[in-house]
Amino acid sequence: MYKIVADSSCDIMKIENVCFESVPLTISTDERDFSDDANLDCHNMLDYLANYNGRSYTACPSCKHWINAFDENADEIYVVSMTSGLSGTYNSALTATDIFQESHPDVKILCIDTLTTGPEMRLVIEKIIELKEKGTKFESMEFKIKEYLKHTCLLFSLSSLHNFVQNGRISRVLGASVGLLGIRILGKASPEGTLSPIAKCRGNKKMVTEMIAEIQKAGYQGGKLRLGHVENEVIAEKIKNAVTALFPHADIAAYPTKGLCSYYAERGGILIGFEF
Ligand code: X90
């Protein structure tokens, strides 16, 4: 039996017929904590944060969180972590693995630093399931997953970098360049797993056009594309239609983001993970 354990930035809480567990990050103010789990009401959290005047922050899962999700009955555990370039999540998972394996030396654990998050992490999780269904051995998994990640990409459109700056996850210089009304920053995950800006767009129409152009430029051929949106169904649908017009057989799924991605990408944010 194998188990997949991922941090909550993958926006998945449950997978039908797969032993899967999500480990929550936490979003906090000085007054409240929001655990990014299945019970979180994202809409309420975003409303609360919009009306809250103080600072807000996030915390990666503790070792304890990870260890609680590691199943002693599993033969293999695949730990899928968001980028170590922006979060302590991967390090916490590594420490948890060391501690867990002291008492459970027979459980094989592979920790993957995806150097990405959100929908691209979702693609990795889908890939692990596919590889295991094909009977891939534990020993071959790391190489295959890393190869897969060489042919996937994360693009995003954000109308504010406020929470990135507030949490010291990007430089103030980069942060200051965004935040004007109607301006969206288009960017991608860098090879180091940090934010890499591509362009600034005025308005949604420009953003969608640019986004589609970037997807094509990256070499997308109609493979899997996963789209996470922060309460932005309308633009998600527009992007989906534009991609389908170019690639009628494209495998596309759009979904609302959970807590962590909603917090950083903010209302209106779009995250796209795709294969090329
Ligand atoms: O507290 C923590 O350890 C969590 C820090 C997370 C910071 C990044 C969250 C990103 C969420 C927003 C746009 C995508 C940028 C991805 C670049 C790799 C999604």
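Modeller: Start with Leu225. Leaving out residues up to four places away in sequence, Leu225 touches Ile215, Tyr220, Val243, Asp251, Ile252, Ala253, Ile272, Gly273 and Phe274 (contact: heavy atoms within 4.5 Å). This is a predicted model, where local features need pLDDT of at least 70, side-chain atom pairs count only at pLDDT 80 or more, and totals for chains, interfaces and linings use all residues. Residues are numbered from 1 along each chain as its sequence is written, and side-chain values use heavy atoms, with hydrogens and water left out.

Leu225 sits in strand 11, residues 224-229 (DSSP runs numbered from the N terminus: strands are E, at least two residues; helices are H or I, at least four). Its relative accessibility is 1%, so Leu225 counts as buried (buried is under 20% relative accessible area, exposed over 50%, partly exposed in between; 1.4 Å probe, protein chains only). One of its contacts is Gly273.

Now move to Leu123. Leu123 belongs to helix 4. Its relative accessible area is 0%, so Leu123 is buried. Beyond four places in sequence, Leu123 touches Tyr148, Thr152, Lys224, Arg226, Gly273, Phe274 and Glu275. Along the chain, Leu123 and Glu133 are 10 residues apart; their C-alpha atoms are 15 Å apart in space.

Helix 4 also has a helical partner. Helix 4 (residues 118-133) packs with helix 5 (residues 138-149) at about 140°, axes 10 Å apart (axes are lines fitted to C-alpha atoms, for helices over the stretch in contact; angles run from 0 to 180 degrees between N-to-C directions). The crossing is right-handed (near helix turned clockwise from the far one by less than a right angle; anticlockwise is left-handed). From helix 4 come Glu120, Leu123, Val124, Lys127, Ile128, Leu131 and Lys132. From helix 5 come Phe138, Met141, Lys144, Ile145, Tyr148 and Leu149. The contact splits into nine nonpolar, no polar and four charged residues (nonpolar: Ala, Val, Leu, Ile, Met, Phe, Trp, Tyr, Cys and Pro; charged: Asp, Glu, Lys and Arg; polar: the others, Gly among them).

Leu115 is partly exposed, at 30% relative accessible area.

Phe138, at the helix contact, joins Tyr2 and Tyr78 in a cluster linked by ring pairs (Phe, Tyr and Trp rings, the six-membered one for Trp, pair with centres within 6.5 Å; planes under 30 degrees apart are stacked, over 60 edge-to-face, the rest tilted). Arg122 lies over the face of Tyr255, 3.5 Å from the ring centre (NZ of Lys or CZ of Arg within 6 Å of the ring centre and within 35 degrees of the ring normal).
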